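Try each task before you read its solution.

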Amino acid sequence: ATIQVLANVSGNAAASLRLISGSGDASDAFIYLYGQGGSDEWSFGLDNTDNNFRLTEQEGLGGTVVLAVKNNSNQEVGIGSTTPYAKLSVTNTAAIPSFIVEDETSPDSSPFIIDASGNVGIGTTSPWGLLSVNPNGLGAGIPSFVVGSSTATSFIITNGGKVGIGTVSPTNTLSVGTNLFNVDSSGRLSS
C-alpha cells in the first residue's frame, strides 16, 4: 500500500508533523512526529489490524510499541506490549526497573520498586529477593513489616529486627503474646 500524506507541517527545520493514511499493508491512520534529520521519531494512531491505539518510536505503527490501548470493553493499557492482558500490562525487555514510585527526590534512594526480574523492593533500589524491605529510612518506632492494624497487630518485625507474634512491642529476638514465651538472641527460651 502507499502512504498518503494528508498534511505536512514543518517548523524551523528542527521538527515536523505529518498526518498519514495508508502505511504498509495495514492501512493505518497515524500522526508522525519527527525531529531534525529524523533522529527523534514518534508515531501514534489507530492500528487497522486490531483497531488498537499505538504509540511507537518510529514512522508507522508496526514496529516496537511503547504504549498500546486495547479497543475493547476492558480498557486495557500495555506498556511495551501490543497485547495488554490486564488494566495495565508492562512488558519489560530491558535491564531497567519495570515500575518505581519515588518521592520528590529523583532518583530516590528508598523507593517502592519492581525490578526487571519481578523482585519487589520497599526502601531499596536493588531488591535482593522476591520481596525486600529495607528499614534504614524509617523513623524511630516505625516497624519494618506488620500484619494487622495499629490496634490489632498479629505479626510484627521491628526496625531493629525483633519479631513479635500477638504483640506490638517484642522485647526479644522472638516474642509471642504478652510474654507467653520469648527467645533471646542466644536462642534461650524464657516465659
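**Exercise 1.** In this predicted model, locate Asp115 and work out what surrounds its side chain.

*Solution.* 
- Step 1: Start in the loop that links β10 (112-114) to β11, where Asp115 is found.
- Step 2: Asp115 is buried and has no salt bridge, and Lys70, the nearest side chain of opposite charge, is 25 Å away.
- Step 3: Turn to the backbone. A polar atom of the Asp115 side chain lies 2.9 Å from the backbone nitrogen of Ser117, and the side chain also reaches the backbone nitrogen of Asn119 at 2.9 Å.
- Step 4: Set aside the neighbours within four places in sequence; Asp115 is then in contact with Pro97, Ser98 and Pro127.

**Exercise 2.** Which residues form the nonpolar patch on the surface, and where does Ile122 sit?

*Solution.* 
- Step 1: Collect the members: Phe99, Val101, Phe112, Ile122, Leu131, Phe145 and Val147, with about 560 Å² of accessible area together.
- Step 2: At least two residues of the patch come from β9 (99-101), and at least two from β13 (145-148).
- Step 3: Find Ile122 in strand β11 (residues 120-122). Its relative accessible area is 38%, so Ile122 counts as partly exposed.

**Exercise 3.** Describe the protein chain as a whole: how many helices and strands does it have?

*Solution.* 
- Step 1: The count gives zero helices and 18 strands.
- Step 2: Of the 191 residues, 25% are buried.
- Step 3: The chain exposes about 11700 Å², with 56% supplied by carbon and sulfur atoms.
- Step 4: Take contacts between residues at least 6 apart in sequence; 6% of these join residues at least 24 apart.

Terms used:
Residues numbered from 1 in each chain as written. Predicted model: local features only at pLDDT ≥ 70, side-chain atom pairs only at ≥ 80, totals over all residues. Heavy atoms only, no water. Patch = residues over 30% accessible without salt bridge, like charges linked within 9 Å, V, L, I, M, F, W, Y side chains within 5 Å. Areas by Shrake-Rupley, 256 points an atom, 1.4 Å probe, with all protein chains shown as cover. Salt bridge = Lys/Arg side-chain N within 4 Å of Asp/Glu carboxyl O. Helix = DSSP H or I, 4+ residues; strand = E, 2+ residues; numbered from the N terminus. Buried < 20%, exposed > 50% of the residue type's maximum accessible area, 1.4 Å probe, protein only. Contact = heavy atoms within 4.5 Å. Lys, Arg positive; Asp, Glu negative; His and termini not counted. Polar contact = N/O pair within 3.5 Å; in protein donor to acceptor, adjacent residues only side chain to side chain.
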